[in-house]
Amino acid sequence: MTRPLVALAFLLFSGSVLCQQAEAGEACANPEGALGVARIVEIDTKAGPLFGEFTKYEKEPRFLGPKEVVLTFDDGPMPRYTKPILDALDAFCTKATFFYVGRMAMAYPDMVKEVMGRGHTVGTHTWSHPMNLPRQGLSRAKDQIERGFAAVALAAGRPIAPFFRFPGLSDSRPMLAYLQERGIAAFTVDVVSNDSYISSPSRLVKRTLDQIERQNGGIVLFHDIKASTAKALPTILAELKKRGYKIVHLRPKSTFEPLPDFTAELEAKLAKKGGKDAEDKPGLVPFYAAIIPTTLEADSEPAVVELAPEARERMHKSDASARATATPLSTTEDPKPVRTRKRHRKAKVSKSEQPVTSLGVAVSGQY
Ligand SMILES: [Zn+2]
């Protein structure tokens, strides 16, 4: 491309970005011109539901319709990348869910406040992101989970969602049972953007869109600690709009109550650090309270669907299907006796659905 053409392309591109940004403010009230939020799913987490495809345990039925997408970002916050990601989401008048690491949140409390202040949902992703959580034993896992929630809520300066994602999507039955006990919803994913491994924004755009098309939407995993994600996101959002995808925003029906001991311990650490969050708190609380209603009133809000899954035992998926197909004779020979507690509702899994149970399978290109 010759130099004048490059300049022209740049001007056109900047113009369209500016235009999108200018529209964003107005379009949020009238989102035809932007990707927007098609509907809000408000989740009642008290039974500890499990959502998303990437788990070997029995999960809730998919709540997204065809071409519906939930945007999620893990591992942050990291201002250098979180800020442009927030700007891109704002430019398209859309909302996402951030699963934050406790230690990161304590390092960048103002960033957590800004994410929530801009209307996004914040859940957690443990205290320090150990990749081998299932092998650490339940008491250490509980510490990671509780400390993570306490830290992110403290950094936010207000209650956060009882939403959790396991590092590396490595869940286990005892940990899932603990989340149920604490009324926490666990989210795996349906679509892996693979941004942890793709440094080229254009390749990331292609890979993400291919996977979304293949799954016909779903819960998409990104990381707001990656340069490629920040660079690729505007194009991904523009393409989603162009291809007729709709964004679904997740919200909790009620917020999480961290254990006071963890909060006290971390509060002391944060105070020692001399963060200015305590001063920011009063100003931000009323603003945020206006964005996270537990009851929905306004006509300007997108449609809201409440999801209140019932309690269920987290059967291993293979146990569950074995049980479903077993004859009475084989059931008696089953070396793993089936627990007697009744499941209230059975997951609706389509016959053609190929179970995806590990991140390894996903990133190897099969998904
Ligand atoms: Zn992670």
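Which residues are exposed on the other side of H9? They are Pro260, Asp261, Ala271 and Lys272. Exposed means over 50% relative accessible area, buried under 20%, and partly exposed in between (1.4 Å probe, protein chains only). This is a predicted model: local features need pLDDT of at least 70, side-chain atom pairs count only at pLDDT 80 or more, and totals for chains, interfaces and linings use all residues. Residues are numbered from 1 along each chain as its sequence is written, and side-chain values use heavy atoms, without hydrogens and water.

**Helix H9**
- Helices (H or I, at least four residues) and strands (E, at least two) are DSSP runs, numbered from the N terminus.
- H9 covers residues 260–273, and its 14 residues should span 20 Å at 1.5 Å a residue. That span is 1.5 Å times one less than the number of residues.
- The end C-alpha atoms of H9 are 20 Å apart, which agrees.
- Phe262, Leu266 and Leu270 are the buried residues of H9.
- They cover an arc of only 60 degrees around the axis, so they lie on the same side of H9. The arc is that of the directions from the helix axis to the C-beta atoms.

**Strand S1: burial**
- Five of the five residues of S1 (residues 39–43) are buried, so the strand is largely enclosed by the rest of the structure.
- In a regular strand the side chains alternate between the two faces of the sheet.
- Arg39, Val41 and Ile43 are buried on one side of S1, and Ile40 and Glu42 on the other.

**Strand S1: partners**
- Two strands pair if DSSP finds at least two bridges between them.
- S1 pairs with S10 (residues 246–252) in the parallel sense, over five bridges. Here isoleucine 43 stands opposite proline 252.
- S1 also pairs with S11 (residues 303–307) in the parallel sense, over five bridges. Here valine 41 stands opposite valine 305.
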